[in-house]
Amino acid sequence: FKTLALLYRRVIAGLVFARCAIGAYPISGLHARQVGPTADICAEMNRVIPGEELVLLPGRYAGPCSIRAGGEPQRPIVIRSADLQRPAVLVYTGRTANVLDIKADHVVIRGLAFESVRPEADGIRIYARNDVVIEDCEFSNLGGIAALANHHSARGIAVRRNVVKGSRATGMYFGCHDGKACVIDDLVIERNYIHGVAAPDPMVGYGIQVKLNSPSTIRDNIIVDVKGPGIMIYGSHSDNSVSMIERNFVQGSRNSAGIVIGGGPAKVYNNISVRNAHGGIQLQDYGKRGLLRDISIRHNTLFDNEHGALLLAGADRAEAEIVFNAFAGSAEKAALPGVRERLSLKDNRDCSHVSCFADPAQRDFTPLQSSILLGLRENQGDMSFPKDDFFGRLRGTSRAVGAVEPGGGPVNLGIKLAK
């Protein structure tokens, strides 16, 4: 009887998925089971079959849990809150493992909240190798890392629209330090809000950290008040593994630069990095690996960073173009690196002694009508420049220097709205 029941559920789930694919049902109409806080939530998570959703009613659920049975390509298992405004809370009650370990492929976690004060317990630790999505989740006052994958090489991890607040460890961590034990391909980290990382010494306390040989797309994140770099990537030994860091807002790193590029290839476009202890953007030859090459830093706005707008640390040489960036800061510090071999600086505009922005105190870096940031006409044959601005609006043939085109408005703290 149990075998027949399981077969029936698989058939129904398959039929529902097929109808979703042709538009007969919305994707949320996949076969779903609903449970409440009295359920054995860890057991329920491992009963979900490919193409099925486990829907959690509001309330507190006892963890830690480990997902060992996943989905299939195009038919993930989905574990989600019934109400994003009143998320189901997974509470760490153990002394080993993490709040949630994902040890199966093709898994979507949506709209859950995670609670743990123990420093050895992370929020979500990914052991899977393919296709894991973490979205719309909340991680408040965690003792460990909110989301990480550093056990196995993996492909297709997406982390989006999550909130990390009051963390006592790095917010998000992906890849392996040596770039050999594991690499993460097709990694997307987007539209997350990270506010407050106060990691104890000697921990660095990053907002987002992506290790060597793990190319990533890091875009549209808002990162405020962290201990170490807001964003750091370490680059890749492969010339074809390009990381994209675009349209992020980083403010208030207490001990580092807002964005640190430890190696290329990388495109760093349309970011706003302000009031950080070191630079707005820093190029750092991490570990003397010699990977600072094929780096493009274009149309960024760097304001009131203590040691300069853009720094070059630990290297005499770097292959990078630094063009069309707007910056302002103290006259006591060199805003940009000096002339060096293979370092191209062009059409960057210094707003340290002139008014360029609408209202920096309110995070509004829209160019004033009389600003020296206006009137740039780029070579339209150059296909490498960003086609949009920080807010995702298309740029015209006459473009503003910096991250924001006229009419931009202030940056709001929270999940960045889709363009």
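**Entry 1: ground rules**

I am working on a predicted model, where local features need pLDDT of at least 70, side-chain atom pairs count only at pLDDT 80 or more, and totals for chains, interfaces and linings use all residues. Residues are numbered from 1 along each chain as its sequence is written, and side-chain values use heavy atoms, with hydrogens and water left out.

**Entry 2: aromatic pairs**

I looked up ring pairs first. I describe a pair of aromatic rings by the distance of the centres and the angle of the planes. Rings of Phe, Tyr and Trp (its six-membered ring) pair if their centres lie within 6.5 Å; planes under 30 degrees apart count as stacked, over 60 as edge-to-face and the rest as tilted. With this rule I get 6 aromatic pairs. One of them joins Tyr 234 and Tyr 286, edge-to-face, at 4.9 Å centre to centre and 85° between the planes.

Which parts does this pair tie together? Tyr 234 sits in the loop between strand 23 (231-233) and strand 24 (243-246), and Tyr 286 in the loop between strand 29 (279-284) and strand 30 (295-298), so the pair links parts 52 residues apart in sequence. I take strands (E, at least two residues) as DSSP runs, numbered from the N terminus.

Buried means under 20% relative accessible area, exposed over 50%, and partly exposed in between (1.4 Å probe, protein chains only). Tyr 234 is buried at 1%. Tyr 286 is partly exposed at 23%.

Next I checked Phe 357 and Phe 365. Their ring centres are 5.4 Å apart and their planes stand at 75°, so this pair is edge-to-face. I find both Phe 357 and Phe 365 buried. Ring pairs also bring in Phe 303, giving a cluster of Phe 303, Phe 357 and Phe 365.

**Entry 3: charges over rings**

I count a charge as over a ring if NZ of Lys or CZ of Arg is within 6 Å of the ring centre and within 35 degrees of the ring normal. The charged end of Lys 103 sits over the ring of Tyr 127, 4.9 Å from its centre. For Lys 416 the ring is that of Phe 390, and the distance to the centre is 3.5 Å.

**Entry 4: Gln 209**

Gln 209 belongs to strand 20 (residues 208-210). Is Gln 209 buried or exposed? I find it buried, with a relative accessible area of 3%.

I looked up its polar contacts. Such a contact is a pair of N or O atoms within 3.5 Å; within protein, one must be able to donate a hydrogen and the other to accept it, and residues adjacent in sequence count only if both atoms are side-chain atoms. The Gln 209 side chain meets the side chain of Tyr 234 at 2.7 Å. It also makes a polar contact with the side chain of Tyr 206, at 3.4 Å.

Contact in general means heavy atoms within 4.5 Å. Setting aside neighbours within four places in sequence, Gln 209 is in contact with Thr 170, Met 172, Tyr 173, Phe 174, Met 232 and Tyr 234.

**Entry 5: backbone**

I searched for cis peptide bonds. One joins Gly 63 and Pro 64, with omega about 5°. Pro 64 is in the loop between strand 3 (59-63) and strand 4 (65-67). The bond from Gly 264 to Pro 265 is also cis, with omega near 0°. Pro 265 lies in the loop between strand 26 (259-261) and strand 27 (266-269).

Asp 294 has phi near 55°. This residue is in the loop between strand 29 and strand 30, and is partly exposed at 41%. Phe 324 has a positive phi of about 60°. Its place is the loop between strand 33 (320-323) and strand 34 (326-328), and it is buried at 6%.

**Entry 6: Ala 328**

Ala 328 is in strand 34 and is buried at 8%. Its C-alpha lies 6.6 Å from that of Leu 302, 26 residues apart along the chain. Not counting residues up to four places away, Ala 328 touches Leu 302, Phe 303, Asp 304, Asn 305, Cys 351 and Ser 352.

**Entry 7: strand 19**

In strand 19 (residues 193-197), 4 of the 5 residues are buried, so the strand is largely enclosed by the rest of the structure. I count two strands as paired if DSSP finds at least two bridges between them. Strand 15 (residues 163-167) pairs with strand 19 in the parallel sense over 4 bridges. There, Val 163 stands opposite Tyr 193. Strand 22 (residues 222-224) also runs parallel to strand 19, with 3 bridges. The bridge partner of His 195 in strand 22 is Val 224.
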